[in-house]
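Welcome! Take a moment to look over the sequence and the model, and then let us walk through a few of the places where its parts meet.

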Amino acid sequence: MNKSTLTTTSTVDQLIGAYRSHVLGRMLPAAVMLNFTPALRVISVQPEGTDLCARLANVLMWAYTLTDVTAHWWHTPDQWLQITVTGRAAGGARLRVYCGGPFDACRGLVPLAVNTSEHVSLDELYALACLLREAQQEAHRGLVREREAV
């Protein structure tokens, strides 16, 4: 067995251990995608969610368990909003938590031109999640009123 294989396996073991330590005892949204990148020593997590609002809320739940947090959003060329939060777990492991959804689901609340990105604060992401939730609730109330009128 060559040395690089042993090193890679050891790094993967460390990343898996760091992930387990981070989630142990925490109620975090389930991951639909989990990736360990030994060369960069990064753990990537894509939390579950049925729509952009739910996925963003789940990214925020993960983000609030991290330190040294940075975030950015990107309006992709194929009209999606990609949100990435990067930080460190208590043991020092780097975690990247991300989600995305159709850009038009942002309802004009994200001022990004196509194929541009910018750093964003967790407060701004939280505000977006709240505004999207309010819009969903208002749409639901409108449907209820329509049904009652019939």
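## Around His75

Leaving out residues up to four places away in sequence, His75 touches Trp80, Phe103, Leu112, Ala113, Val114, Asn115 and Thr116, where contact means heavy atoms within 4.5 Å. His75 is found in strand 3; helices (H or I, at least four residues) and strands (E, at least two) are DSSP runs, numbered from the N terminus. A polar atom of the His75 side chain lies 3.5 Å from the backbone oxygen of Ala113.

Is His75 buried or exposed? His75 counts as buried because its relative accessibility is 3%; buried means under 20% relative accessible area, exposed over 50%, and partly exposed in between (1.4 Å probe, protein chains only).

## About the model

This is a predicted model, in which local features need pLDDT of at least 70 and side-chain atom pairs count only at pLDDT 80 or more, while totals for chains, interfaces and linings use all residues. Residues are numbered from 1 along each chain as its sequence is written, and side-chain values use heavy atoms, with hydrogens and water left out.

Strand 3 and strand 4 run antiparallel and are joined by 7 bridges; two strands pair if DSSP finds at least two bridges between them. Here His72 stands opposite Thr84 in strand 4. The two strands form a hairpin with 4 residues between them, and Gln79 in the turn has a positive phi of about 65°.

Strand 4 also pairs with strand 5, in the antiparallel sense, over 9 bridges. Arg88 has Arg94 in strand 5 as its bridge partner. This hairpin has 5 residues between its strands, with Gly92 in the turn at a positive phi of about 100°.

## The nonpolar core

The largest nonpolar core has 32 residues, of which Leu56, Trp73, Leu81, Leu95, Val110 and Leu125 touch the most other members. Such a core is a set of buried Ala, Val, Leu, Ile, Met, Phe, Trp, Tyr and Cys residues joined through side-chain atoms within 4.5 Å. Helix 2 gives the largest share of this core, 7 residues.

Which residues does Leu125 touch? Not counting residues up to four places away in sequence, they are Leu56, Leu60, Ala71, Trp73, Ile83, Val85 and Val120.

Key:
Polar contact = N/O pair within 3.5 Å; in protein donor to acceptor, adjacent residues only side chain to side chain.
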